[in-house]
Amino acid sequence: MALFPAFAEVECDKVDDSTKELDWLNNKSFQTGDALSLHSRYLEKNSERLNKKESSVGREVSSEEEQKEEGSVPSKRKKKKSEKKRKKKKKHKKKSGRYSSSGGSDSETIYPSDLKREEEGDRPQAAPLASRFSWLDDLHSPTEQPFCVDRKADTANWTYKSLYRGDVARYKRKGSSSLGLDPHKQGVSWEESESNKKHKGGDKKKAADRYFSTVSRQLLRSEPPVPTLPTIPDCSDAISPTSFLPLGDNEDNKVGETVQTSSVNPLGVYDSSTALWLQGKGQQAQTEPQKQDTHAEKSAALLAGRTEEFNRRLREQPADTQLWIQFIRYQDELTATVFGMEEEQQGNDLSERSKSSHRAVLEKKLSIAERAVATNPSCVALQLERLRICQELWEPSLLTKEWKKLVFLHPNSAPLWKEYLLFTQSYFSNFTVSKVNSAYGKCLSTLSAVRDGSMVSHPALPGIEEDMLDIFTQQCHFLRQSGHSEKAISLFQAMIDFTFYKPDSVRELSTKQQVEFFEPFWDSGEARVGELGARGWKAWMLQQERGGWLQPKEDEEEDEEEVKDRSQPRHTIWLDVESSREAAHWLPWRPDKAKGQSEEDCEDPDRQVLFDDIGPSLICLSSPELQLRLLLRFLSFLGLPIDCVLSATPCQPGLLLENLSFLTQGNDLRHPLTSYDLPDLGVNSVGHMTTLQGTRKFAGLGKQGETFVTNVLNMLQPVVPAPHRATLSLSWMQYEKSKVLHCLYGSNKKRLRFQGKRSKRVSKQLLKEPDNRSSLVLWREYAHLEWLLGNLDEARKVFSTATVMGGTKGLKSPSLCELYLLWAQLEVEDGAGVQAGGITAVTVSPAVCVLTRLAEGTSSSSSSSSLSPSPVSILKARKSYEQALTAGLSALDPNLHNPQASKEDLPRLRGLVGCYALFQYLTMGIQAANTIYNQARETMEALYQTLILDKQLNSNEEANLSSTAYECEAVAVQQAALLRYHNSISVFPLATLRQTLTSSLSTWPSSAPLWSIYVQVENRYHSAGRARRFFHSVTRNNSSVVPRLFAIFAEQQRKQLVDAALRSGFHDAALPILPENGLSNRVRGLFERTISTEMCSHCPLLWRMYMHFLLSDGQVDKAKGIFYKALQNIPWAKGLYMDGVQLFPQHLQEFVDLITEKELRLRLPLEELDILLED
């Protein structure tokens, strides 16, 4: 039958060709018989309904006529009301269903499909599945489907990971007692009361709101109204007998309105709720919508008030830039409150609503920022705030254009250049190494033109040279982190030649002209700084007319087989060869003219550095302090320990953190007092490019690198002043000591013996120099080196010899005090029969003998040092120490009131304080030593706070500030180390150590040694609440990445302890219990909060730790997501890509292609790897 019956006859009459055109009108599943039967039934039902309708209409007409006769004619308003009622009834019937029993009406339409459904319902259906379990034997008649649908979830199946009932923990409570309660006076009822049972299934909306509900969170966000006292009205009567604060009329009106006198409240003193209670009535419950409306009105009024206050203040003070920034930041708080009100109403659309509201907030903040910039066009801070907002709204090309426009308008602002360079370096969409390197060159050349006065339109700002040196150092570390070590080394080489070996004839020229004169020297092929036979730029220009000089031959490189184990996976071989080439080939390649080599003979063109890559970054440094700072930063770049005060750490240390040793320093239990002398900065040295958990294959920089360092130091010694030479020599000797420590921890005796001989030879050569023979600092380092090598008698002889050089200065010499302090600490660590604080141990302790000699001012010989001091000499020594410390601290008091004092007026007290405290510890006990430390720290930190509060800081006061901070932090580390040492060897309450650490860390939140001690102390105990609260209090008020890293590290250490305890005794088998997920979620939360902050989002160590943690927790997909998210923030860190290869080896090709695309240094292409594996 046709789908449309009217076309049935037309279809039959037409020919076949025409019927094909109407095939789409046929419904092949339609049955003619069914349609006819349904149609007949529909006609019958319709006729019945029409009969009923006629009878009902007749009744209605008769009733209407009766009404007309009885009453008057109805008005139009009544007719409209009746029509509205009818419409409402019709709508209600439609909603109620098709088969309603409320009488016949036009809305009850019967469709054929309904009749079809009725017929199907009358047919016999299959028996439904059972909903309860039952035994097969109990069934009287076996069913066709002997199955049961169990709709009740059994949580034990996924909680205990087993279906066996023996694995499910079942228990019953015996009695109603509870631990910790007095059974006679207290008790706990474990059964629910009848009222609770009734209310349990009642209305959930009437239950009290929890702290995490929307209403409670809005209450927390809202600010309480400020209570105000009523004002005293003007009184004409001057002779008033009493003074009082009368209530205003509005209060009386309120009371009169709300409270009425009645039999239970005749005086009107009760409020309405009390009066109702006296009558035995309950107060009318306020409905939930009314409560929400009331609360929403209060919140809206409060927010509107704050917004109005901001607008009023900004109209009055449009030049207040900080107020504009506060108003922009306030929009986040405002939106969070408004969005919190709508959370429950949005339901499933919450995420979409959140995205749209976030974009709306950004646009609102952008409009405020643009208005602020229009009002204050010269303010750089507002411009930066505007560009930070635009980073999430604009396209990359437009954003880059705006940044370039901003630095073009403010070319003399070094802080703005730093922000621009950080944006260029971390914006993944436009990032390539060549673009960022050219941006650094453009920045430094522009600032140099401003400094020289070539750019007349913008004057040079104060401290421009320090900022230029910071940017130069940041560029070198950027190149090192991206794998281009050769360019970074060439930059430092050129900068040292450009600074220390500049010909006199070009000194008066501008920086740009000096760079043009420097280019021929660089391209001439002459030896550069650190290379064999280097003489410098000045000597080259003098010898230019004489035909130059012959270059000495260098040692040839020894080629080693790069692939040692071909059975390892492909990605492991790539990582090994890549890191080994990085360690071996970080120096630029130079053609050997003796062998007839040229630039075309270089196998790897990236090992050559052109002048165009380094020329724009050369700058002029005029002051000797900045020149020394350049040298120290170059030595630190090579891996040498340096003086942190003189080098002045860069402004963004988080960009350079890459090494896990930053978090594990101070864990050497063999040296609890002296292991903090060389703090680990967490920055990898050049040539150390590997995965996060990879270790160095050898101490130092290898054969070529050690030769390079030696040549650099020997070349620089003659051209720097004498005090600077002493600083370089100290760094060199500490470098040799650090290599010995590295071998000592590695427990390779053969390598330790070899390194010890070499380090001793270098140290003796340094001490033979005329300027160094009387340097107590160098003798101190050499004696410590001998002690580390196990030559205790030789070390004691060196100490004794050094004390003879110190003369009779005694406690007045800071260097002598530090030397004696190290000697005494080493004697205490050696533990020759010392029992701290014991009376019998005082007279036989070598440390007490050493410290007594210092107080007496007599030189200590090796023979007399073993003699026991008398009790009288100990008392005299204590008196001398007390007088010296009092004099030293009193010398700081004038500086408290005169911050403009010079640096020489600030005495170095850490050696004196340490000696006195250790002497008191060995003779009287730990409390006496702790008192000394607290007294010294209080005075020194007061001086530090005074220097901070001084508003007019010049460079000299900056040096005072940094040196005072270093002294205070060193004293705090000494105190914490001594308390921890005493706690490890004897019974001592932890409260003192905790108080010391918390007070120190509150003042120095970026001190890694203090945090390391704190984490080691707190992780010994399972109760972590105290430590977590302290970490939260510090990170809330500080933007540094250091406390956040240690907070994460502490939780990771605690998780390892818990995991080890869960698996102990089971031979590393997983226990059949629910794993400890709380710590994992806490660590993830800490990571997420840290990477969301602006200061920490560019820290490579943080992202790499996060990836490793997720993978160790079994969350591979999330770890991969964090890797790609890290690329958006630190795309320059090659170590991140190497971690990705190690953790996700199946993506090796993708990551190598990404390295190539972003122009990071790739030393082993995969094609070359395939060739190496084939060979």
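Modeller: Let's start with D470, which is buried because its relative accessible area is 14%; buried means under 20%, exposed means over 50%, and partly exposed is in between, using a 1.4 Å probe and protein chains only. Before going on, note that this is a predicted model, where local features need pLDDT of at least 70, side-chain atom pairs count only at pLDDT 80 or more, and totals for chains, interfaces and linings use all residues. Residues are numbered from 1 along each chain as its sequence is written, and side-chain values use heavy atoms, with hydrogens and water left out.

So what does D470 pair with? D470 makes a salt bridge with K418, and their closest N and O atoms are 3.9 Å apart (a salt bridge is a side-chain nitrogen of Lys or Arg within 4 Å of a carboxyl oxygen of Asp or Glu). D470 sits in helix α19 and K418 in helix α17 (residues 414–426), so this pair ties together parts that are 52 residues apart in sequence. Helices here are DSSP runs of H or I with at least four residues, strands are runs of E with at least two, and both are numbered from the N terminus. K418 is buried too, with a relative accessible area of 12%.

Of the 18 residues of α19, 17 are buried, so the helix is largely enclosed by the rest of the structure. Just after α19 comes G483, with a positive phi of about 100 degrees.

Helix α33 is a handy one to look at next. It spans residues 814–830, has 17 residues and reaches 24 Å between its first and last C-alpha, close to the expected 24 Å. Helix α33 is mostly covered, with 14 of its 17 residues buried. Just after α33, G831 has a positive phi of about 65 degrees. E1159 also has a positive phi of about 65 degrees, although it is not a glycine. You'll find E1159 in the loop between α48 (1148–1157) and α49 (1166–1174), and E1159 is partly exposed, with a relative accessible area of 35%.

Back to salt bridges: a search of the whole structure finds 49 of them. One of them joins R937 and E941, at 3.3 Å from N to O. Both R937 and E941 lie in helix α38 (residues 926–949), four residues apart, about one turn of the helix. R937 counts as buried at 7% relative accessibility, and E941 is buried at 14%. Elsewhere, salt bridges that share partners join E486, E578, E582, D604, D606, K1134, R1161 and R1163 into one network. Another pair is D504 and R507, whose closest N and O atoms are 3.2 Å apart; R507 counts as partly exposed at 41% relative accessibility.

Conventions
The expected span of a helix is 1.5 Å times one less than its number of residues.
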